[in-house]
Structures are given as structure tokens and as C-alpha cells.
There are 2 protein chains.
Amino acid sequence: MSAAKKQRTEEYALYYWPGIPGRGEYVRLALEYAGIPYTERSSDLMSTLASPSKVGTPPHFAPPALQLPSGRVLSQTGNILNHIAPRCGLAGMHGNALNTHGEAACEALRALDADALEKAEEERAVVHQLTLTALDVQNETHDVHHPVATSLYYEDQKAEAVRAAKVFREVRIPRFFEYFESVLATNPATAESKAGRTFLVGAQTTTADLVLFHVIDGLLFQFPKRLAKLKETKKYENLFKLHERVQGEKGIKEYIASGKRQKFSMGIFRHYEELDGEE
Amino acid sequence: MSAAKKQRTEEYALYYWPGIPGRGEYVRLALEYAGIPYTERSSDLMSTLASPSKVGTPPHFAPPALQLPSGRVLSQTGNILNHIAPRCGLAGMHGNALNTHGEAACEALRALDADALEKAEEERAVVHQLTLTALDVQNETHDVHHPVATSLYYEDQKAEAVRAAKVFREVRIPRFFEYFESVLATNPATAESKAGRTFLVGAQTTTADLVLFHVIDGLLFQFPKRLAKLKETKKYENLFKLHERVQGEKGIKEYIASGKRQKFSMGIFRHYEELDGEE
């Protein structure tokens, strides 16, 4: 069955590993925020995603992948988020106008003039940019416990991981935190906010906020001592406030309360006592 | 000067390090393919990109960044490519319809019905997906010579690099090559082609082709022995043909002939004799 022949359905299906939040969690958070139902598919994951007869063309390198109502399957975390952001209301005030899902949305899109279209495209791109940077933090965090190769056991690269973790804790976490704090603190849309400046783009939640929320959550799990120390410095107050704020957002709050949200364990974010430290 | 106040110009300006192709090269290849002129800016690079008074909001984590004619500066390699792909004619036959640069393009975009808009969005996303996967290969290739930390010298992580390179050569390069070969070999748009199946999406050049071309170029530089051995197997014939084909594309051919294209040296792709090997 080719992608073109796949049946149109109203269902979203997420292809991902069972048992860990992993990279699938970013897609779940976007769909939960938007209140869009989805099913999960995890059987024969790698062979399914590699098979054009099962997922259309092109085949996929790795999960997560999301089957859209059109039947099209898309992969690459950042790409999935960028594609669904407008329909989820997560591409920013202007970016959300680029929703092409359904007749009504397309009608609204066609009503935009050239300036509005340019503004929408640019805001969606800014959201995607910050989403990709937050995903980069996640990738580096993973590589701390697997610096030599993902295909080798942690125990076989523990010495290298201890070295990598030291630099990551001392240099990289503060560098990423300073960056995101500066984005939050210079966002012109929140200059007058009294509740703290907790939106990365504009004054509404975007995929960038959701990803950064989950990454901070993962870092709190992987490096609790280091994060406690960084929080104490009070240099990243907006960042930690964003983490709190997102937990209370509609859709996210209910998702967390439902118990469906899987706990961190031995996935992308992993806690090894010997890799953590205050400095 | 905030982004909103930045002057509209017809000029594209690329912010990147001087002296290496680096991640800036993917943006250069797209602009050169499209025949779009651009200038390069490299002075005080990191402090400029971090400063909202110089590049608007949000500030940027790292280069490359591209200033658009609107005055807006965007960063994150994959994001820049996804944003400019339609205007460069590099987002696929359908994806190119999403060009919002200029009145004429917007007029054409507004003429699309809901099905055509959905098809365009999905093809652009497929191109972006493969672009991101090819960029992932580049990131892993870099980490082979800096497995512990980018901030440490190679000499201080050489032992770890030798271990990482062994797994990368044996496991990862073949895995990535098999994947891209399968994408090329199952592309329905090139099923009848007699010249080989050298397009990742549809039957025209996209950002995914340009990025994969440059990544293969970089791998040929970093691992000449390993690549020669993999080429000999004849298992990746479409992949190596794509590499040849892109060199001859209009815009790219002239760029290479001009001598402007910088040589690989001590950037993302680096050749260390001790990290290469036939297996």
C-alpha cells in the first residue's frame, strides 16, 4: 500500500517505543495540549518504519513517526512538531494562521495578504528554531551517558561518560540555560508581564515551550544535584518559571494528572549517580 | 534596533565562521543553487548573534544564521533551509507552491485549494524530514572526533575518538547509507528513470539532496578508506550517483568551478589518519 493509496482517517497514530517517554513525548505533549486524540503503535517498530509497503514512501530512519489523518506518515521529531504546530495552536499567534488542515483553515489562510503570510511563515520558523535548539539540548544530554556509541552498553563507556558529564554539567548546561533565559528575558511580547516572562515566542504557548519544559524535566531527573545548584543561583528564574507554568497549561495539566505520562527510566534521560554533581 | 524595526533590503546575509565550509555550507548551497546573491558576515560572530540589538529577538544560540530581505534573522541550519526552500525551488514540486516571498508567489499560493495546500505542506515536510536526517549524519560524524566534549582538544579525547570511530565506520555509516539508498531506490517518482534514481523526493533537486551531497563529500574527506571500501560493494550505487549528479546541477556546478567553495580542513568534517580504516 503506497502513501497515496493509504486511507484517509480522522486518526493520528504515533509510532514509538513502549515504556519510555523518549522522543515520542514531544509529539504526545503537542497533541495533548491541543486535545487531539491519538493511538500508539509500537509493534515491529523498526521494520514497520523501514517498510514502504507499511508506511508509504519515503521509509523512515527512526521513530518517532506520526501518521496523519491523510494517511501520510512523517518522522523526525522537530519536523513532526513543525508540521502539526499550526493545527495544534502551537506555532505562535501569527504562525497558527498557516494551518492547512481542513477547509475552514485553508479558507482563512487564503484571506491573508502577502505581509501577513510572510509574518506567519517567519513566526512559525522562529518557533521551529527554538524547538530545534531545545531538542539539541536533549541530544547532548543523551550523548553524555553514551559518548562513544549508542550501540554499546553504558558500562562499556562509563569512564568516557564520567568525563563527558563533567564538561556537560560545568559548561553546557549553564550555556544552554543562559541562552534560553536570555530569549525569555528579551521577548518583547512579555515585557509588561507581572507573572514572569515564561513564553519563548509571543505571549502564548508554542512547541518550543513544550519541548523546553520536557527537557528541563529530563535534566532534573538526570542531574538533580546540578539542577538544584543552578536553581539556587537565581540566574534562570524565567526558565524555571516556564517549567512550572507549562505543567499547569490546559491539556498538559490533565495529561499529567491522568497518569498516562510515562516516567523517565532508561531512555534518553537517565540518572546515573556517578554522572551527577553540584558543579 | 529590534527585528521589527530592521530595514527591509533585497539582500541575504549569512552569519558564519570564516575559513571552513561548516554548517554554513548547506545554506550557501541552497542560495547558490537558486542563484540568490548573499553576503557573508563573520566579525564578532557569537556576540553579534547573542545580541537582540544587532539581530533582533530572539537572539541565536549558534551560527549559521541568515538575515532575510525582511530584516528577520533566522538560525538553526535545518530551519533556515526549510524556510527558504520554497523560494529557492528546493521544497519539491508541490512544496515549492508554499513560497510566500513576494506578491506574485503569494497570489499563486492563495489560488490553491485545500487538497493542494495539504499536499504542498506534506511534501515540504518530507523534504525537511530527509534534510534533518542527513544533518544528523553530519552531527554524528563530528562527534566521532570530539566524543567527550566539543570544548576539549582532539588530542585530549583521542583514545575515545578511536573507539567511537570504529563503531561509526562499522555500524553507523552502513546504516545511514542503507537508509538513504532505500529512500532513493523506492522513490516512486524515479521508477522509470534510466539515469539512476538520484532524487530523494520527487524528480527534482531539494534541500535534502544538497545536504546529502555535502555530507557524502565530507565523509569522503574524513574517511576516504572506509568510503572507498563501501563504494566497492556496489550496495549504494544510487547514493554515489546522487553525489555525482548534484555536482553538475545548475548553480552548484558554477559555484564549485568558481573556487569560492571552501575546502574541508579542521571544521565539522576532519581527517585524522588514525580514525579511518577500511572496516
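I began with charges over rings, and I found that A:Arg175 lies over the face of B:Phe61, at 4.0 Å from the ring centre; a charge counts as over a ring if NZ of Lys or CZ of Arg is within 6 Å of the ring centre and within 35 degrees of the ring normal. I noted a further case in B:Arg245, which lies over the face of B:Phe199 at 3.8 Å from the ring centre.

Before going on, I wrote down that this is a predicted model, in which local features need pLDDT of at least 70 and side-chain atom pairs count only at pLDDT 80 or more, while totals for chains, interfaces and linings use all residues. Residues are numbered from 1 along each chain as its sequence is written, chains are lettered from A and ligands numbered from 1 in the order in which they are written, and side-chain values use heavy atoms, with hydrogens and water left out.

Next I looked up ring against ring, and over all chains the structure holds 18 aromatic pairs (rings of Phe, Tyr and Trp, the last by its six-membered ring, with centres within 6.5 Å; planes under 30 degrees apart are stacked, over 60 edge-to-face, the rest tilted). One of them joins B:Phe168 and B:Phe223, whose centres are 5.7 Å apart and whose planes meet at 35 degrees, so the pair is tilted. B:Phe168 lies in helix α7 (residues 158-185) of chain B and B:Phe223 in the loop between α8 (207-222) and α9 (224-232), so the pair ties together parts 55 residues apart in sequence; helices are DSSP runs of H or I, at least four residues, numbered from the N terminus. B:Phe168 is buried at a relative accessible area of 3%, and B:Phe223 is buried at 0%, where buried means under 20% (1.4 Å probe, protein chains only).

I then checked B:Phe177 and B:Tyr236, an edge-to-face pair with 5.5 Å centre to centre and 70 degrees between the planes. This pair links helix α7 of chain B to the loop between α9 and α10 (237-247), 59 residues apart.

My last entry concerns A:Arg169, which is in helix α7 (residues 158-185) of chain A. A:Arg169 is buried yet has no salt bridge, and the nearest side chain of opposite charge, A:Asp276, is 5.0 Å away; a salt bridge needs a side-chain nitrogen of Lys or Arg within 4 Å of a carboxyl oxygen of Asp or Glu, and Lys and Arg count as positive, Asp and Glu as negative, with His and the chain ends not counted.

Methods. Helices (H or I, at least four residues) and strands (E, at least two) are DSSP runs, numbered from the N terminus. Buried means under 20% relative accessible area, exposed over 50%, partly exposed in between (1.4 Å probe, protein chains only).
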